[in-house]
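Subject: Structure handover

Hello,

Here is the structure for your files. My notes on what turned up follow below it.

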Amino acid sequence: MARLGMVIDLKRCIGCNACTVACKQENGTPAGVHFARVITREVGTYPQTRRTFLPVLCNHCEDAPCAQACPSGATHIRADGIVMVDKDVCIGCRACAVACPYMNRHYIERGLLEHGYSGDGVSPMEAVKFTEFEEGTMTKCTLCAPRVDQGLEPACVVTCPTEARIFGDLEQQDGRLRRLIRERNGWTLLPEAETKPSVYYLDE
């Protein structure tokens, strides 16, 4: 059985946020809800300073604490490893948000879907995209599950101009993801949380 995941090559990431924009466009998330984002830091001491970029998204953990904390069963893990939320089952208790050590859960506040980015109602695109959300429930990155189910890669992957994101099956021991992780000492965020993330990073 496949376990879908991603490797992000930090040596290739230029912090352009094309992934952030592609995710917003693909998922049509409301204002303030970002499934994909890039954390930018400035390190070093003048004049030896530089910027670093860390793209983050849901880690689609194999041992997902959000799924374990969900009292309604709304959060579930698909057979291919993608962690999903069923908005029709979610009761909005936010236990998943508390449980997620990566802060990748988002609550759809009451009234949030009444206004788009323009602040003057919702655009025709937002009217369509907002049907995927329910006020008073949780939402999160789906790893673009609808695209994956059509044999496509996530929007953030195909949009990256430097090909810093590589999507694939972590179960394929001889596959590209496992090879990169082995050869370049791939690592995950917060390994001490023992959640077995499906998103790895490379910086060597």
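Leaving aside neighbours within four places in sequence, which residues is Tyr 201 in contact with? They are Ile 8, Leu 10, Leu 54, Pro 55, Val 56, Asn 185, Gly 186, Trp 187 and Leu 189. Contact means heavy atoms within 4.5 Å.

Some ground rules. This is a predicted model: local features need pLDDT of at least 70 and side-chain atom pairs count only at pLDDT 80 or more, while totals for chains, interfaces and linings use all residues. Residues are numbered from 1 along each chain as its sequence is written, and side-chain values use heavy atoms, with hydrogens and water left out.

Aromatic pair. The structure holds 1. Trp 187 and Tyr 201 are stacked, at 5.1 Å centre to centre with 25° between the planes. The cut-offs: ring centres of Phe, Tyr and Trp (its six-membered ring) within 6.5 Å; planes under 30 degrees apart are stacked, over 60 edge-to-face, the rest tilted. The pair links distant parts of the chain, 14 residues apart. Trp 187 is in the loop between α7 (176–183) and β9 (199–202), and Tyr 201 is in strand β9. Helices (H or I, at least four residues) and strands (E, at least two) are DSSP runs, numbered from the N terminus. Trp 187 is partly exposed, because its relative accessibility is 28%. Tyr 201, at 0%, is buried. Buried means under 20% relative accessible area, exposed over 50%, partly exposed in between (1.4 Å probe, protein chains only).

Cores. The largest nonpolar core has 46 residues. Those with the most contacts inside it are Met 6, Ile 8, Leu 57, Leu 143 and Tyr 201. A second, separate core of 8 residues includes Ile 166, Ile 181, Tyr 200 and Leu 202. A nonpolar core is a set of buried Ala, Val, Leu, Ile, Met, Phe, Trp, Tyr and Cys residues joined through side-chain atoms within 4.5 Å.

Helix α7. Its buried residues are Leu 177, Arg 178, Leu 180 and Ile 181. They lie on the same side of α7, because they cover an arc of only 160° around the axis. The arc is taken from the directions from the helix axis to the C-beta atoms. These residues pack against β1 (4–9), β8 (165–169) and β9. Just after α7, Asn 185 takes a positive phi of about 55°.

His 60. This residue is in the loop between β3 (48–56) and α2 (65–69). His 60 is buried, with a relative accessible area of 2%. Its side chain reaches the backbone nitrogen of Val 83 at 3.0 Å, within the polar contact limit (a pair of N or O atoms within 3.5 Å; within protein, one must be able to donate a hydrogen and the other to accept it, and residues adjacent in sequence count only if both atoms are side-chain atoms).

Best wishes
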